[in-house]
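Please read this briefing beside the sequence and the coordinates. The notes are grouped by topic, and each can be checked in the viewer.

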Amino acid sequence: MIWLVAAILPALAADAPPDAVKLQAPQVEYHVNEASATTSPWVDANGWQIVRAPGKHFYYDLSASKIPSARVAPLAAAEAFVYGAQASIHTDQAGTDAFNRMLDFLKTIPGADLPVVADIGVVDDGSDECGELMNMLARRNLLYKIVTAPDPKLAVNVSLGSKEYPKEGAADPSMLAQKIRSQLGDEHRSLRVYGSEVVIARLESDGAHARVHLLNYAFRPVVGLRVRVAGSYAHQTVRAFGKPDLKLQDAAVSGGATEFTLPDLGTYAVVDLTK
Amino acid sequence: MPGPYPGRAVRAHSEKCIDSTTSRVDVPTVRQMMSDGIRTLTHEKTDRDAWAHFVGPKDVVGIKLNCSGAPQIRSAPEVVGVIVDNLVSLGIPPENIYLYERFLDQLTSVHYERYVPEGVNIVAIETPRGSVLGYDPRVYVEVDFFGEDDTRSNMIRLVTERFTKIINVPNMKDHQAAGVTGCLKNIAYGDFSNVARSHSHEKTNTFSFIGTLASTEPLRSRTVLQVMDGLRGVWHGGPFSQYPQFRFFPKQIVFGTDPVAIDRLLIDVIENKRKAEGALSIWDRSMENVKRGHNEDIRVNHFIREPGHIEFAGKLGLGVYDISEIKVAELEV
C-alpha cells in the first residue's frame with residue numbers, strides 16, 4: 001500500500017498524520033432495490049466535510065473500496081484539489097499510477113485565487129444533522145458556505161434550531177434541502193447542472209473570471225452535461241482529465257447567464273469563464 | 001396540430017390485415033388500408049395527391065416511431081415501409097427521411113432497415129441512454145415535479161434543427177401512468193429528454209405534461225400527420241409488452257391530423273377491451289387498487305392513471321375531445 005498526499009497540488013507522502021480526518025471513498029452507490037426518500041443515486045462525496053474543517057489534514061483509505069483503485073484514486077485526488085484540502089490517499093500501485101496521471105493534469109490548470117461562490121449560508125453547529133444537511137446541499141449543487149452568523153449578502157441563511165429551521169426538520173435532510181432550494185428559487189441559483197445526478201460542481205468567481213469545477217462521481221463518462229452559471233461570460237475554456245481535445249458545445253450567453261455543454265465528462269473537468 | 005382536419009379521423013379496419021395466431025402481417029392488405037385511409041382523409045383519388053397534402057419533395061421528414069413495446073409491439077415496419085414508399089414517390093430523397101426513436105436498444109430490435117430503401121436514416125436519439133447531446137439545449141420545458149434537480153426536458157435536436165415535417169406513428173396501447181398511450185404520448189414523451197421524472201411512486205404528472213410538451217413549438221407545427229398503427233395493441237401493462245396475454249389485435253389503422261380526436265377513439269378501444277377482459281377501468285383512481293410491482297394483475301394499477309391528459313390537451317388547442325363532435329369515417333378493407 002502507498003500513501004499519497006493531495007494538497008493544493010498533490011504529492012507522494014510516506015504516511016498520514018495521526019489526527020487526520022478520515023474520508024470515505026468517493027463514488028456513487030446505486031441502491032435500486034432499497035426504499036429511500038429519493039430515487040436519485042447515492043453520491044458519496046466529501047466536499048462538505050472538507051469545508052467544515054478548514055486547515056485539517058484528511059485521508060482517504062481506498063484499500064477497502066470495491067471500486068478499482070485506478071478509478072477511485074484520481075477522483076479522490078481531484079476532490080481534494082477542488083476543495084483545497086491537504087489529504088493523504090491510501091492506495092495500491094495501480095491507484096498510484098492513476099493518481100500520478102491526475103497529478104499531471106492538475107499541474108496544467110492555471111492558478112487562480114478566486115472566492116468561492118455561495119447562495120446559501122449555513123451556520124454550522126457542529127451537529128451530525130447540520131453535516132448531513134450540507135451533504136445534501138452539495139449533492140444538489142446548492143451552493144453554500146459556512147457562516148458564523150446569518151450573512152445578509154446571501155439569499156438564504158440556515159441555522160438549525162431557529163424558528164424557521166427547527167431541529168426536528170433536519171431529521172429528513174433531503175426534504176430540508178428541498179425547502180431551502182424552494183426558498184432560494186432555481187432562478188436565483190448561481191449554478192445549475194442538467195443531465196446528470198452524479199456530478200457535483202464547485203463555483204469560484206471574482207465577477208470577471210469564474211471557474212467551474214465538475215467532479216463526476218460515477219466511474220463512467222457523463223455523455224452530455226449542461227451547465228448554467230449566473231453572469232455573462234463571453235469566453236469559455238475547458239480542461240478535462242483524460243480528454244485533452246474536449247471542446248465545449250452550444251455555449252450561450254443570454255438573460256444574465258452563461259450556458260455550455262460538456263459533451264463528455266470523465267472524472268474531472270474545470271471550465272474557466274471570462275468576460 | 002390539430003392541422004387541417006380537426007375532429008376528423010379515418011379508421012381502416014381489416015380482419016385479414018394480421019394473423020391473430022402467428023402475428024404475421026398481410027402486407028398487400030396493409031398497403032390497401034394505408035391507401036384507402038389516406039385518400040379518404042384528404043378526399044383525393046391517388047396516393048400521391050393525398051400524401052402531397054402533408055409533405056413535398058423539399059421536406060426533411062421525421063417519422064416518429066413507437067418502440068417501447070418492442071420487439072413485439074411497435075410501429076409496424078410494414079406500415080412504416082408504406083409511409084416511406086409514399087414519401088419517396090413524392091420525390092423526397094431517402095437521405096431526407098428519418099425514422100427515429102429515443103432509445104437504441106428498442107429501435108434496433110425491430111430491424112426497420114429491412115423495410116425501407118437504402119439511405120433512409122434510422123436514428124436513436126439517446127446513445128448512450130441518458131445522453132443529452134441529441135437534444136436541443138435551447139428548447140425545453142422546465143418544471144419541477146418532485147424536487148428533482150434537473151428540471152428541464154429538452155426537445156430532440158433533429159426536430160428543431162433538421163426536420164421540416166413529422167409523421168407520428170403510435171400504437172394502440174394501455175399505459176399504466178397515462179391511462180392510454182397514443183398520438184399525444186408518443187409525440188410528447190417521445191420527443192423530449194428527461195420525461196420519466198414525471199412519475200414517482202403512485203403519482204404521475206402525465207395529465208398536464210403530455211399536452212404541454214406536445215404543444216411546444218416547433219414540434220407542434222411540424223407534426224403534420226398521425227397514422228395510428230392498431231394492427232396490434234396492448235390492453236394492460238403498457239407501454240411495455242412483457243406479458244403476451246395482454247397483447248391483442250385491433251386490426252385497424254387510424255388516420256388524421258388531430259391527435260386528440262384519435263386518442264379519444266383510442267380510449268374506447270382500450271377501455272372496451274379491458275372491460276371485456278375484466279380489468280379495472282382506465283378511469284379507476286382508487287388508491288385501494290394502486291400497488292407497485294403487480295403489473296400482471298389486471299385488477300391492479302401501477303400508478304393513478306391519467307387518461308384525462310387527452311381532454312387536457314384538447315383544452316390546449318391540440319384537437320377535439322368531445323366524442324359527439326368527432327367525425328369518424330369507418331372503412332372496411
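Predicted model: local features only at pLDDT ≥ 70, side-chain atom pairs only at ≥ 80, totals over all residues.

Between which two helices of chain B is the loop in which B:Pro218 lies? The loop in question runs between helix 7 and helix 8 (219-222) of chain B.

**Cis peptide bonds and positive phi values**

- Most residues other than glycine have a negative phi, and most peptide bonds are trans.
- Another cis peptide bond links B:Ala70 to B:Pro71, where omega is about 5°; B:Pro71 is found in the loop between strand 2 (61-64) and helix 3 (77-89) of chain B.
- A:Asn141, a residue other than glycine, has a positive phi near 55° and sits in the loop between helix 4 (128-139) and strand 9 (144-147) of chain A.
- Is A:Asn141 buried or exposed? A:Asn141 counts as buried because 21 C-beta neighbours lie inside 10 Å, the cut-off for a buried residue being 20 or more.
- B:His111 is not a glycine either, and its phi is positive at about 65°; its place is the loop between helix 4 (104-108) and strand 4 (121-126) of chain B.
- B:His111 has 11 C-beta neighbours inside 10 Å and therefore counts as exposed, since the limit for that class is 12 or fewer.

- Leaving aside residues up to four places away in sequence, B:Val80 touches B:Ile63, B:Leu65, B:Ser75, B:Leu99, B:Tyr112, B:Tyr115, B:Val116 and B:Val169.
- Helix 7 (residues 206-214) of chain B is mostly covered, with 7 of its 9 residues buried; among the buried ones are B:Phe207, B:Phe209, B:Ile210, B:Leu213 and B:Ala214.

**Helix packing in chain A**

- The axes of helix 2 and helix 3 (residues 93-107) of chain A come within 7 Å and cross at roughly 35°, and the crossing of these two helices is right-handed.
- Helix 2 of chain A contributes residues including A:Ala73, A:Ala77 and A:Phe81 to this contact, while helix 3 of chain A contributes residues including A:Ala98, A:Met102 and A:Leu106.
- Sorted by class, the contact between helix 2 and helix 3 of chain A comprises 12 nonpolar, 2 polar and 2 charged residues.

**Sheet and hairpin in chain A**

- Three strands of chain A form an open sheet in the order 9-8-10, with parallel pairing; strand 9 and strand 10 (156-159) each have a single partner strand, so one side of each is left without a neighbour in the sheet.
- Strand 8 (residues 120-123) and strand 10 of chain A run parallel and are joined by 4 bridges, and A:Ile120 has A:Val156 in strand 10 of chain A as its bridge partner.
- Helix 4 of chain A packs on the sheet by touching strand 8 and strand 9 of chain A, its direction making about 165° with that of strand 8; helix 5 (residues 173-184) of chain A touches strand 8 and strand 10, at about 155° to the direction of strand 10.
- Strand 12 (residues 199-205) of chain A is largely enclosed by the rest of the structure, because 5 of its 7 residues are buried.
- Strand 12 pairs with strand 13 (residues 209-216) of chain A in the antiparallel sense over 7 bridges, with A:Ala201 opposite A:Leu214; these strands form a hairpin with 3 residues between them, and A:Gly207 in the turn has a positive phi of about 100°.

**Contact between the chains**

- Chain A gives 16 residues to the contact and chain B gives 12 residues; strand 16 (249-254) and strand 17 (257-262) of chain A are the elements that give two or more residues to the chain A side.
- The chain A side that touches chain B consists of 4 nonpolar, 6 polar and 6 charged residues.

Definitions and conventions. Residues numbered from 1 in each chain as written. Chains lettered and ligands numbered in written order. Contact = placed C-beta atoms within 7 Å. Nonpolar A, V, L, I, M, F, W, Y, C, P; charged D, E, K, R; others polar. Axes fitted to C-alpha atoms, helices over the stretch in contact; angles between N-to-C directions. Left-handed = near helix turned anticlockwise from the far one by under 90°. Pairing = 2+ DSSP bridges.
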